[in-house]
Amino acid sequence: MNNLPADSHDLIRVQGARENNLKDVSLELPKRRLTVFTGVSGSGKSSLVFSTIAAESQRMINETYSAFLQGMMPSLGRPDVDVLEGLTTAIIVDQDPMGANPRSTVGTATDVNATLRILFSKLGDPWIGGPKAFAFNIPSVSGGGAITTTKGGREVKERRSFSITGGMCPRCEGTGRVSDFDLDELYDKELSLGAGAIKVPGYSMDGWYGRIFSGSGYFDMDKPVKEFTKRELDDLLYREGTRIKVEGINLTYEGLIPKIRKSMLSKDLEAMQPHIRAFVERAIVFQTCPECDGTRLTEGARNSRINGHSIADVCRMQISDLMEWIDGVDDPSVAPLVAQLKHQLGSFVEIGLGYLSLDRPTGTLSGGEAQRIKMIRHLGSALTDVTYVFDEPSVGLHPHDIQRMNRLLLQLRDKGNTVLVVEHKPELIAIADHVVDLGPRAGSHGGEIQFEGTVGELRASGTLTGRHLDDRARVKQTVRTAQGSIEVRGARENNLRNVDVDIPTGVLTVITGVAGSGKSSLVHGHVSPREGVIAVDQGAIKGSRRSNPATYTGLLEPIRKAFAKANGVKPALFSPNSEGACPTCKGAGVIFTELGFMDTMSSVCEDCEGRRFDASVLEYTLGGKDIAQVLQMSVDDALAHFSDGEAKIPAAAKILKNLADVGLGYITLGQPLTALSGGERQRLKLATHMAGKGDTYVLDEPTTGLHLADVEQLLGLLDQLVDSGKTVVVIEHHQAVMAHADWIIDLGPGAGHDGGAVVFQGTPAQLITDASTLTGQHLKEYVGS
C-alpha cells in the first residue's frame, strides 16, 4: 500500500508557547508514543501540557458544535501560542477533586449504579418499578389536574394525572444522614434580635437580614428571644419561604432552619469555608438516617432482592466481592447488562481500586483515587488516535501499585493513542518513549526546554532531572529516640480491624502501606482530631482568581497595617479587594468582556495598567516600594525587603521565612492561586500551618508534585520541625521519605478488607531486614540499587 500524505502527520508541533511562565517554547512531540514531562514543581509542565496542548484541543472541538450548544459550555480562551499543529482529541485525566456533592458516590460517578438499577428493575423480587425506583436521587411524586389543549381549532379540557416512583428515602432526602439542630448555637435567648441574638455566621442585623427580620412583622426586634410566644419562635425557626414587602421591595422571608438547610447543609462539610464549617459542626448533629439506615433508599428499594441481596447490600460490598456476586446472576434475559457490569467492575480491580465500595461518597476520595476513577471509563474504550493527558498518575500509589499503573499507560499507548504524562517518579519516567524536561528552575526562572529525548539520553544530559534520576536515599544510621507516644486503641473506622498502635512522639514517623490499606482511616480518624494536632491534607485550596499567596497566608495583613501606619491612612486602601481597588477593573487588573459563545476577552486595565490599585494609593510607599511593587516581588526578595531597614515587619518576615523554607521562594506574592501547581498549593498550605500552635504535625503525602531534587529539601524541612520539638507523622509512599524516617508503621497486607492491620512497626533498617511486607520488599530493592 502506497504511503499517503496523511501518513506524514505523526507529530504534534508546538511553536512559541507563552502560557503562564513559558518562554516562547517550541517542540515536536511524537504521536502514538508515551511522552513524560519532567522538571521541578512550577517549571511550566502543566502550562505546556494542560494549559496549551490539551486546552487548545478542547477549544477546537467545542467550536465544532452549534452556537446554541457552545453558549451552554464553559468558555475556553485561546492559549498564548503561535502555532499548534497535529492535535488530536484530548482526554484529560487530572487530579481535580470529583466534587464534594453529598449525593455523589463512586457508583453514580462511574455510571455503575445506573447499570445496577436497570438490573434490579428487571430481576428484583418483589418488582417495585422501573430503574428510577432504585435511584436515591429521585423522589416519588404524583399529581394531577385539568389542562386545556387545542385540537382541530377547538379548545378541549381534560384531566390528567401522573406518578413517578423514585427510590429516594423521604426522611433523609437521599443523603443517608439526618441532622438535628442545637438551638442554643442558633441564637442567644437572653438577647433580642435587634441586639444580635442570632449566632449564625453572616446574619448581621446591620444589613439586609436585619431589614428582612424587622420588616416581616412576625416579631418584636427588641424583645428577648426567651419571651417569644410559640408562634413567634416557630416563625423565627421554621417558617417556609413567604413573600413580604420591605421598604417597597419584594423579598422572601424564610425561617432560620430551612434557610440553613438550603445554604449550608446542601454542601459537603469538607467543601465549606472554615468559619462556616466550624459553625455547622457546633450547631448541627449529623446521624445516620434511622429510616433507611444510611442506604438513602425507600423501603421498597431495600426489600427488592436478587439472589438474597438488595441494591443497598450490593452497593455496600467491596467491589472485588461484588464481582463474585455478579457471577451468580446468570439469567439469560439480562446477559448484556451482566457483561457490562463485569467489564465496569473489572476495570476497578485492574486499576487497583477493588477495595472501594459503590456507596463511598466521592468527596472522601483522595486525589489519586479520583484520578484513577476517571481513568476507568477509558479502559477498554474502542477509541484510538486520541491524546490522553495525565497529571501525576502515581499520586497516592504504593510502589507495588505503580507497576500496575505503568501497564495501563502502556496499554493505552499500544492501542494507537498518544499518551502525555506529567510526572516526577523515576519508576514512571523509566517507561517513557520520549522525555521533555522543563526548567531550569521554577516560576520566572523556568519555562524553558532543558532536554528532549529518550530516558537513557536524559540520564547522560546533565540536567537537574538527569542528575537526580538515579538518586537513592540511604537508610539513616542512627534514629531519634521517642519522647512518648500517641496511643490508638481499638480503631475500627472503614476497613481497620480493631487496630492498637502507639505512634511515637518527638520523632519522624511514616505511615505506609498499599493504597486502600487503611492509612488515612488510622491517621485522620484517630490522630488528626486530637488537640494540638495540625493536619495538612490534600484538600483543595479555597480561593478565587483574586486570591494569592499574600492573602491566603495572612501576609497582606501586617503589610497593609505597616503601609497605613507609615503614611497615616487606612489599611483598607492597600487591598485590591477593598477601598484601594482601581475603580475601573474593581481591583482585578484586567477587564473581562463576555462575547456569548465566543471566547471571553480579557484585556489589561488601561487605567491601572494591571496593577489593580487606584493611582492615588500608589503614591504611598514603604521602604521605597508601593503596594503594587510589593505584590510583584518574589518571596525571597520580599523576605530581604521586610527583614531590615525602614520596611522591617517581623510578622511579615516570619510568614515569608516559612514560605521560603518549604521551597516557594520563587513565587510572587500577588500570583493568583489558580496559577499555582498542585505541589505548590500543598506546600503553601504547609507553610501556612507552620505558624500554627500545635505540637504534632500530620502530613498527607507531602511529596505530591515534588521533583526528585526537591524531596531532599522537604526531608530537611521535616527534620527541622522534629528538631524544634515537634512530632511529625507522615502518610507517604515515597521510598526516600521511608528511608529517612525514625519509625515506620506499615499497614496491610492488602487493600480493603484484605488490609486494615498493622503488619510491621519498627525502624526503616528493621523493615528492610524483615522484608516480609510489600513495602519492605520495595524499600529493600530501592535502597539496594
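Here are some questions and answers about this predicted model.

Q: How many disulfides does the structure hold?
A: A disulfide needs two cysteine sulfur atoms within 2.5 Å. Take Cys315: the nearest cysteine sulfur, that of Cys292, is 13 Å away. For the structure, the count of disulfides is zero.

Q: Is Cys608 buried or exposed?
A: Buried means under 20% relative accessible area. Cys608 comes in at 4%, so it counts as buried.

Q: Where is Ser547, and which residues is it in contact with beyond its neighbours within four places in sequence?
A: Ser547 lies in the loop between strand S21 (533-536) and helix H20 (549-552). At 17% relative accessibility, Ser547 counts as buried. Leaving aside neighbours within four places in sequence, its contacts are Gln671, Pro672 and Leu673.

Q: Is Thr481 buried or exposed?
A: You'll find Thr481 in the loop between helix H18 (464-468) and S18. Exposed means over 50% relative accessible area. Thr481 has 61%, so it counts as exposed.

Q: How far apart in space are Thr481 and Thr505, C-alpha to C-alpha?
A: In sequence, Thr481 and Thr505 are 24 residues apart. In space, their C-alpha atoms are separated by 8.9 Å.

Q: Which strands stand at the edges of the open sheet of three strands?
A: The order is S2-S1-S4, with antiparallel pairing. An edge strand here has a single partner, so one of its sides is left without a neighbour in the sheet. The edge strands are S2 (25-30) and S4 (81-85).

Q: What is the bridge partner of Ala17 in S4?
A: Strand S1 (residues 11-17) and S4 run antiparallel, joined by four bridges. In S4, the partner of Ala17 is Val81.

Q: What angle does the direction of helix H1 make with that of S4?
A: Helix H1 (residues 45-62) packs on this sheet and touches S1, S2 and S4. Its direction and that of S4 make an angle of about 60 degrees.

Methods:
Residues are numbered from 1 along each chain as its sequence is written. This is a predicted model: local features need pLDDT of at least 70, side-chain atom pairs count only at pLDDT 80 or more; totals for chains, interfaces and linings use all residues. Side-chain values use heavy atoms; hydrogens and water are left out. Buried means under 20% relative accessible area, exposed over 50%, partly exposed in between (1.4 Å probe, protein chains only). Helices (H or I, at least four residues) and strands (E, at least two) are DSSP runs, numbered from the N terminus. Contact means heavy atoms within 4.5 Å. Two strands pair if DSSP finds at least two bridges between them. Axes are lines fitted to C-alpha atoms, for helices over the stretch in contact, and angles run from 0 to 180 degrees between N-to-C directions.
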